Amino acid sequence: QSSTWAMASAPISNVEGVFAYCDRDGDGRLTKEEFLQALRSAGACPASSDFEEVCKTYTTTPDLAGFREAVQVLLKRRPTRHLLADRLSGLAQDGLVDADALRFIATNFGDKLNEVE
């Protein structure tokens, strides 16, 4: 098995646990906010556009089956560590990216993160 397959399948192993934890009222469906939190907890970390796309496909209040499918779809889109390393190589010095440079990228490009995130 390739390391990419193993890495992508690892978060899926506890999808039920993530779903149960994020389903705060225990009704078997996630709210939109719980859905995003659950996807992030499962390792999917979707961009805003990807999240809106899975909401259209699986509704904003998915059950466990819909959540499981959304996680599988989004994990396939997640960049591998090799791709990230390649894209950040121009910023790397001795194989490491400066924390300030990484913070600047994460807070100023794409789906912007705030300082807490």
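1. Cysteine 45 is exposed, with a relative accessible area of 53%. In this predicted model, the residue sits in the loop that joins helix H3 (32-41) to helix H4 (48-58). The phi of cysteine 45 is positive, about 45°, although the residue is not a glycine. The cut-off for exposed is over 50%, so at 53% cysteine 45 counts as exposed.

2. Threonine 59 also has a positive phi without being a glycine; the value is near 70°. Its place is the loop between H4 and helix H5 (64-77). Where does threonine 59 stand on accessibility? Its relative accessibility is 37%, and it counts as partly exposed. The partly exposed class lies between the buried limit of under 20% and the exposed limit of over 50%, which is why 37% puts threonine 59 there.

3. A further positive phi belongs to glycine 43, which follows H3. The value there is near 95°.

4. On the overall layout, the chain holds seven helices and two strands. Read from the N terminus, the order of elements is α-α-α-α-α-α-β-β-α. Of the 117 residues in the chain, 23% are buried. Among contacts with a separation of 6 or more, 58% are between residues 24 or more positions apart. The chain exposes about 7800 Å², and carbon and sulfur atoms supply 54% of that area.

5. Which residues of H3 are buried? They are Glu34, Phe35, Leu36, Ala38 and Leu39. The cover over the buried residues of H3 includes H2, H4 and H5. A charged residue, Glu34, is thus listed with the buried part of this helix.

6. The axes of H3 and H4 come within 12 Å and cross at roughly 120°. That angle makes H3 oblique to H4, because 65 to 115 degrees would be roughly perpendicular and over 145 roughly antiparallel. The crossing of H3 past H4 is right-handed. On the H3 side the contact is made by Lys32, Phe35, Leu36 and Leu39, and on the H4 side by Phe51, Glu52, Val54 and Cys55. By class, the residues in this contact are six nonpolar, no polar and two charged.

7. H2 passes H5 in a right-handed crossing. Val15, Glu16, Val18 and Phe19 of H2 make the contact with Leu64, Phe67, Arg68 and Val71 of H5. The residues of this contact divide into six nonpolar, no polar and two charged.

8. H4 and H5 pack with their axes 10 Å apart, at an angle of about 145°. Their crossing is right-handed. From H4, the residues Asp50, Glu53, Val54 and Tyr58 meet Gly66, Glu69, Ala70, Val73, Leu74 and Arg77 from H5. How do the residues of the contact of H4 with H5 divide? There are five nonpolar, one polar and four charged.

9. Asparagine 14 lies in the loop between helix H1 (3-9) and helix H2 (15-22). It counts as partly exposed, at 45% relative accessibility. Asparagine 14 and alanine 42 are 28 residues apart in sequence, and their C-alpha atoms are 7.7 Å apart in space.

10. Alanine 65 is in helix H5. It is partly exposed, with a relative accessible area of 39%. How many residues along the chain lie between alanine 65 and glutamate 16, counted as their distance apart? They are 49 residues apart, and 9.5 Å separates their C-alpha atoms. Glutamate 16 is one of the H2 residues in the contact with H5.

How values were computed
Residues are numbered from 1 along each chain as its sequence is written. This is a predicted model: local features need pLDDT of at least 70, side-chain atom pairs count only at pLDDT 80 or more; totals for chains, interfaces and linings use all residues. Side-chain values use heavy atoms; hydrogens and water are left out. Helices (H or I, at least four residues) and strands (E, at least two) are DSSP runs, numbered from the N terminus. Buried means under 20% relative accessible area, exposed over 50%, partly exposed in between (1.4 Å probe, protein chains only). Axes are lines fitted to C-alpha atoms, for helices over the stretch in contact, and angles run from 0 to 180 degrees between N-to-C directions. Angles under 35 degrees count as roughly parallel, over 145 as roughly antiparallel, 65 to 115 as roughly perpendicular and the rest as oblique. A crossing is left-handed if the near helix is turned anticlockwise from the far one by less than a right angle, and right-handed if clockwise. Contact means heavy atoms within 4.5 Å. Accessible areas come from the Shrake-Rupley method with a 1.4 Å probe; for residues, only the protein chains shown count as cover.
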